[in-house]
Amino acid sequence: MNSILARLKTPLRYVMGLFYITAGVTHFLNPEWFLQIVPPMLPAPLLLVYLSGVAEIVVGVGVLIPQTRHYAALGTVALLVAVYPANIYMAVADVMGSELVQWGRLPLQAVLVAWALWYTDTYSEPSTASAAPEQAD
């Protein structure tokens with residue numbers, strides 16, 4: 001099972017990056033959809049929709065770049081925690097979609113957090129740098 005996961009880690013990183021980039025761009029193409037799930041007690045809902053869109057694009061690009069992958073993955077976890085109130089509001093306020101979608105998003109966040117945390121382990125990936133041979137004195 002570990003070898004299967006190891007082989008899937010890189011392709012799934014691209015899926016993850018593209019998922020967040022696409023979701024982030026969607027915040028700008030269809031902000032009305034996202035405005036519906038911003039809890040009413042939060043200020044400046046449109047600004048929050050745009051900021052979360054920018055954050056999703058940044059973490060999506062970041063997980064694709066080896067030098068930023070670790071921090072982008074941690075940023076993804078922080079982003080998922082930050083938007084969790086919108087998912088709760090979506091479920092309890094019955095603002096859109098089926099109950100399965102509304103309530104299904106809540107446990108899905110845990111899966112997305114685990115997926116992001118998978119890419120914070122930079123030591124499990126083989127290094128591409130080779131050590132220079134030592135020179136004799």
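**Contacts and helix packing**

Tutor: This is a predicted model. Of the contacts in the chain with a separation of 6 or more, 64% are between residues 24 or more positions apart.

Student: How many helices and strands does the chain have?

Tutor: The chain has 5 helices and 0 strands. Read from the N terminus, the order of elements is α-α-α-α-α.

Student: What share of the residues is buried?

Tutor: Buried residues account for 30% of the 137 residues in the chain.

Student: Let us turn to packing. At what angle do α1 and α3 pack?

Tutor: Helix α1, residues 2-29, packs with helix α3, residues 45-62, at about 155 degrees, and their axes lie 7 Å apart. Angles over 145 degrees count as roughly antiparallel, so α1 is roughly antiparallel to α3.

Student: Is the crossing left-handed or right-handed?

Tutor: The crossing of α1 and α3 is left-handed.

Student: Which residues meet there?

Tutor: On the α1 side they include G17, Y20, I21 and F28, and on the α3 side they include V49, Y50, G53 and I57. By class, the contact of α1 with α3 comprises 11 nonpolar, 6 polar and 1 charged residues.

Student: Now α3 itself. What is its span from first C-alpha to last?

Tutor: The 18 residues of α3 reach 25 Å, close to the 26 Å expected at 1.5 Å a residue.

Student: Which residues of α3 are buried, and what covers them?

Tutor: V49, S52, G53, E56, V59, G60 and G62 are buried in α3. Their cover includes α1, α2 (31-35) and α4 (69-93).

Conventions. Residues numbered from 1 in each chain as written. Predicted model: local features only at pLDDT ≥ 70, side-chain atom pairs only at ≥ 80, totals over all residues. Heavy atoms only, no water. Axes fitted to C-alpha atoms, helices over the stretch in contact; angles between N-to-C directions. Helix = DSSP H or I, 4+ residues; strand = E, 2+ residues; numbered from the N terminus. Parallel < 35°, antiparallel > 145°, perpendicular 65-115°, else oblique. Left-handed = near helix turned anticlockwise from the far one by under 90°. Contact = heavy atoms within 4.5 Å. Nonpolar A, V, L, I, M, F, W, Y, C, P; charged D, E, K, R; others polar. Expected span 1.5 Å × (residues − 1). Buried < 20%, exposed > 50% of the residue type's maximum accessible area, 1.4 Å probe, protein only.
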